[in-house]
Amino acid sequence: MEREHNLIPEDILWKRFLYRIIYRSDTKLGKLFDIVLLSLILISTAIIMMESVPQLDKKFHYTFLILEWIISLFFTAEYWSRIAVVKNKKQYIFSFFGIIDFLALVPFYLSFFFPVTKYFLIFRMLRMLRIFRIFNLLDFMNDGYLIVKALKNSSRKIYIFLLFLIIFSVIVGSLMFMVEGGRPGFETIPQSIYWAVVTVTTVGYGDVSPITPMGKFFAVILMLAGYSIIAVPTGIVTAEMRNKRQNLEKICDRCGNEDIDDDARYCKQCGKKLA
């Protein structure tokens with residue numbers, strides 16, 4: 001994930017001044033701007049949630065509407081200001097935060113034509129990720145990157161596990177359809193598969209349950225198996241995170257490469273012998 005301060009400000013004085021306020025948080029104005037921005041994000045999110053409550057929406061509809069207009073216009077001006085004050089505009093527009101800023105605006109303007117899309121404004125909560133930069137918590141972002149990297153490296157194992165889980169659920173669901181003989185909740189194989197998935201994932205809504213002794217026996221086996229099955233992806237990702245963290249502790253002094261295997265004697269990027 002690219003940090004915003006890699007962006008280069010324009011040479012014009014007022015743009016450099018505005019850049020320091022918008023993109024940096026090492027000045028009083030910059031810190032104040034960021035705090036105001038985060039506060040407006042929280043207010044906007046609260047408005048969206050309250051609008052979904054009929055009693056509140058009926059009583060404060062126009063108040064919510066006015067506040068949403070003010071906040072959205074502020075975010076629009078802020079978005080275009082971020083583009084205007086940097087040289088590498090495409091770098092911001094297609095960056096992680098640039099895409100999030102854009103997605104935070106689109107639902108507001110789409111709601112003019114499709115009113116229901118206004119609830120997608122909840123995506124503005126993603127802008128709260130800037131709190132890590134504002135309060136100098138970028139190390140937490142590195143930990144987040146570690147989790148994403150571990151999930152990516154474990155993806156093949158997880159896909160295989162999910163395939164096995166799908167096959168297992170289909171087989172058990174089909175067996176339950178035969179055992180229960182079309183009783184409520186098991187009238188069709190797809191409905192029985194739904195029950196199998198809910199049970200094996202230990203969610204257990206309780207809306208469907210077997211009645212026959214054999215069906216209850218299958219349910220017990222499935223519930224016990226569920227605890228073992230859920231532990232599999234957790235173990236895969238945890239092992240990958242542990243390996244990745246160990247690798248990150250090794251850094252090449254010459255080129256700064258951090259992707260170093262546990263048993264590596266030389267840097268794979270520059271060939272320098274490792275200590």
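**Entry 1, a stretch of chain.** I started with residues 92-113, where the chain is 68% helix and 0% strand, with the end C-alpha atoms 28 Å apart. I am working from a predicted model, so noted here. Next I looked at residues 32-50: this stretch is 100% helix and 0% strand, and its end C-alpha atoms lie 27 Å apart. I had picked both stretches from UniProt, whose unreviewed entry gives "transmembrane region" at residues 32-50, 62-80, 92-113, 158-179 and 217-239.

I then turned to a nonpolar patch on the surface, made of Y62, L65, W69, L73, Y109, L110, F112, F113, F114, V116 and Y119. Together these residues have about 1200 Å² of accessible area. Which helices each supply at least two residues of the patch? I found α3 (54-84) and α6 (106-110). Helix α3 gives the largest share, four residues.

I took a second look at one member, L65, which lies in helix α3. L65 has a relative accessible area of 36%, so I logged it as partly exposed.

My search of the whole structure for aromatic pairs turned up 18. I was pleased to see one aromatic cluster formed by Y19, Y23, Y79, W80, Y92 and F102. Y23, a member of that cluster, also has a charge over its ring: the charged end of R82 sits there, 5.1 Å from the ring centre.

Where does the charged end of R127 sit? I found it over the ring of F75, 5.0 Å from the centre.

Conventions. Residues numbered from 1 in each chain as written. Predicted model: local features only at pLDDT ≥ 70, side-chain atom pairs only at ≥ 80, totals over all residues. Heavy atoms only, no water. Phe/Tyr/Trp six-rings, centres within 6.5 Å; stacked < 30°, edge-to-face > 60°. Lys NZ or Arg CZ within 6 Å of the ring centre and 35° of its normal. UniProt positions renumbered as here; feature names shortened; annotations may be inferred. Patch = residues over 30% accessible without salt bridge, like charges linked within 9 Å, V, L, I, M, F, W, Y side chains within 5 Å. Areas by Shrake-Rupley, 256 points an atom, 1.4 Å probe, with all protein chains shown as cover. Salt bridge = Lys/Arg side-chain N within 4 Å of Asp/Glu carboxyl O. Buried < 20%, exposed > 50% of the residue type's maximum accessible area, 1.4 Å probe, protein only.
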